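Student: I'd like to learn how to read a protein model. Could you walk me through this one?

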Amino acid sequence: MLLGVSALLYAATAVLPGDPATRILGQDATPENVEAMRRQLGLDRPVPVQYADWLGGVLTGDLGTAATGRPVGPLLRERAGNSLILAGFASSLTLAIALVVGVASGLRAGRPADSALSVGALVGVSVPDFVVAGVLISLFAFTFEWFPPVSLVLAGNSPLDRPSILVLPAVALAVPAGAWASRYVRAAVVDARTAPNVEAARLAGLSPRRVLLRHLLPGVIGPTAQVFAAATGFLVGGSVVVEGIFAYPGMGSLLASAVAVEDINVILATGLVMATAVVASFLVADLAGVLSNPRLRTRP
């Protein structure tokens, strides 16, 4: 999967409009200087040869050099750490929204509360993350002044030094992803309510809380893990917009700025790391589904 993604990424950068050498040197550069820069960047070779050379570097840990002359590896590690912290906050909120709304709606399927929660989830999915971010900034940064409107991180510092800067971007990422995931959690809960073990527990006279915690919720761990893995795509894609809005120095804003200046090596490395995060989340979800379901662990 990652090999296919890397090929698609390289093909996409190859058809970007404009010339990276001209953008680096400026419009006033002479044709001779542009041609020399193209040779320096390796852009004078066929695209398949460039791709093979870049892929070989990736496999050996060499991600190339950014347009600024800085190695991509250290730049990526710095930004990846910031994004990992933000993703941790946003993932926790996403999981909380999905479970609370999905379980509450599933347990009340067909009732007015279910309809209200379903409409709320539909609204959350339909509203783009940049709109959510704008509303959050207007309300909680400018009106109530509870949180800063931008999430700047000083050089050498960690976002955890000022946790308040993580709140608004994390909520902006989590609301659409959590609302989307809650609809699938609801469906899993509705299916689990009619499972034989849940029906048997009810007939045995167990309390509703024990039925929920011991029999119903374990049955939705596998589907919930799969949904949460898919929601990771929302978080990764949304980070490109949300990090830019809040000026947060993460992978998303790095990718957006690299695309703006056609910094090919940074685009490729950042896109591959983001794709790896999504693929890894699905792998973890598959493992969680197997571990939570004894039938999947039993060989026929």
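**Charges, helices and cores**

Tutor: Let's start with charge: the mean positions of the 20 positive and 18 negative charges of the protein chain are 19 Å apart. Here Lys and Arg count as positive and Asp and Glu as negative, with His and the chain ends not counted. Each charge is placed at NZ of Lys, CZ of Arg, CG of Asp or CD of Glu. Keep in mind that this is a predicted model, where local features need pLDDT of at least 70 and side-chain atom pairs count only at pLDDT 80 or more, while totals for chains, interfaces and linings use all residues. Residues are numbered from 1 along each chain as its sequence is written, and side-chain values use heavy atoms, leaving out hydrogens and water.

Student: How many helices and strands does the protein chain have?

Tutor: Helices (H or I, at least four residues) and strands (E, at least two) are DSSP runs, numbered from the N terminus. In the protein chain there are 14 helices and zero strands. The C-alpha trace spans about 85 × 60 × 30 Å along its principal axes.

Student: What share of the 300 residues is buried?

Tutor: Buried means under 20% relative accessible area, exposed means over 50%, and partly exposed is in between (1.4 Å probe, protein chains only). Buried residues are 37% of the 300 in the protein chain. For a partly exposed case, take Ala80, which lies in helix H5 and has a relative accessible area of 27%.

Student: How many salt bridges does the structure hold?

Tutor: A salt bridge is a side-chain nitrogen of Lys or Arg within 4 Å of a carboxyl oxygen of Asp or Glu. This structure holds three. In one, Asp53 pairs with Arg45, and the closest N and O atoms are 3.7 Å apart. Asp53 is partly exposed at 48%, and Arg45 is partly exposed too, at 32%. In another, Arg70 pairs with Glu78 at 3.2 Å between the closest N and O atoms. Arg70 is partly exposed at 36%, as is Glu78 at 45%.

Student: And which residue forms a salt bridge with Asp114?

Tutor: That's Arg186, with the closest N and O atoms 2.9 Å apart. This pair links distant parts of the chain, since Asp114 sits in helix H6 (residues 112-126) and Arg186 in helix H8 (residues 164-193), 72 residues apart. Asp114 is buried, at 5% relative accessible area, whereas Arg186 is partly exposed at 24%.

Student: Which residues touch the most other members of the largest nonpolar core?

Tutor: A nonpolar core is a set of buried Ala, Val, Leu, Ile, Met, Phe, Trp, Tyr and Cys residues joined through side-chain atoms within 4.5 Å. The largest has 35 residues, and those touching the most other members include Leu86, Ala172 and Phe246. Helices supplying at least two residues each include H5 (72-107), H7 (129-143) and H11 (221-245). H8 gives the most, with 13 residues.

Student: What is Ala172 in contact with, leaving aside its neighbours within four places in sequence?

Tutor: Contact means heavy atoms within 4.5 Å. Ala172 is in contact with Asp129, Val132, Ala133, Leu136, Val242 and Phe246. There's also a second, separate core of 23 residues, with Tyr51, Val58, Val72 and Ile267 among them.
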